[in-house]
Amino acid sequence: MKAFLHTIWITGALAMAGCGTTYTVPTVSTDVQSQANAMFAEERAKPLANPASDRAAVSRFDRVVRRVKPVAIAFCETQVAPGETCDLPIIIDKEMKVANAYQTKNASGPFIAISVPLLKTVRNDDELAFVLGHEYAHHIAGHLRKGEQQALAGALVMGTITAAAQAYASSGNPYAYTGANQQELDRNMELGATLGQRVYSQTYELESDVVATYIARSAGYDPVKGARFFAIPAEAKTTAGVLSVWGTHPPDETRLGTVIEADRAARQGIALSKTQ
């Protein structure tokens, strides 16, 4: 039994290993980290700006998308396999009530969505350009697909271990599960899927920040100025108690330092480095 469980864990670990990052996340130097810390503190000390009007928010969205999207498409086409989608629709999510942006897919394919509260919260074009680049980076790096693979691997590992434990403990037919056993199996598989998706989640955010830096810089925006958006004051993290982009994307000094390092490389003409 112990050897069997060990094999299951190894199998799951190997499945997870194929879901790592595509691009190298730069190491943040001490000097750059100090610079990032100062920027972070400066942004946190600022009061929240008044939200933009609906008209101004939509105008900014149209303006920035026109510049960022062609750059993101061109970069995507050099990075993904032939035939994969690079021309993603970028839409305004008028239903979401919190400041957030996301990359996902539906029956028509992958797309990027930006909520109205986020469009009204960004303070300049650089910030929106960085957000758009970040979401496009999730697609380019295949994070949605990898997350699904991680969830499946986690569910399989937890499900197999639970079923094996139930079978081992059963004195009768090991496959004749009771309702309670089936509930336990379903619950543990769901837990495994959740844990699987979280394995690389923070690393994926940093990887997307690095790719976003190159996209924003190539589109003529300042990615460091744009990344200051993530250090916005803490009270903006929730809207009526609901987590916004600052609750799902960790706004810390290390993240800002990573963007500074990546931007330094981009301005020096150093290409993105792949990990595989």
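Author: Accessible areas come from the Shrake-Rupley method with a 1.4 Å probe. In this predicted model, the accessible surface of the protein comes to about 13800 Å², and 56% of that surface belongs to carbon and sulfur atoms.

Reader: What percentage of the 276 residues is buried?

Author: A residue is called buried when its relative accessible area is under 20%. Here, buried residues make up 46% of the 276 residues in the protein. Looking at contacts with a separation of 6 or more, one finds that 77% of them are between residues 24 or more positions apart.

Reader: How many helices and strands does the protein have?

Author: The secondary structure comes to 11 helices and 5 strands.

Reader: In what order do the strands of the open sheet lie?

Author: Strands of a sheet pair through backbone hydrogen bonds, either parallel or antiparallel. In this protein, 3 strands form an open sheet in the order β1-β3-β2, with mixed pairing. The edge strands, each of which pairs on one side only, are β1 (90–93) and β2 (101–106). Direction ignored, neighbouring strands of this sheet are turned by 40° against each other on average.

Reader: How many bridges join β1 to β3?

Author: There are 4 bridges between β1 and strand β3 (residues 109–115), and these two strands run parallel. As one example, isoleucine 90 has isoleucine 112 in β3 as its bridge partner.

Reader: Which helix packs on the sheet?

Author: Helix α3 (residues 54–79) packs there, touching β1 and β3, and the direction of helix α3 makes about 160° with that of β1.

Notes. Residues are numbered from 1 along each chain as its sequence is written. This is a predicted model: local features need pLDDT of at least 70, side-chain atom pairs count only at pLDDT 80 or more; totals for chains, interfaces and linings use all residues. Side-chain values use heavy atoms; hydrogens and water are left out. Buried means under 20% relative accessible area, exposed over 50%, partly exposed in between (1.4 Å probe, protein chains only). Contact means heavy atoms within 4.5 Å. Two strands pair if DSSP finds at least two bridges between them. Axes are lines fitted to C-alpha atoms, for helices over the stretch in contact, and angles run from 0 to 180 degrees between N-to-C directions.
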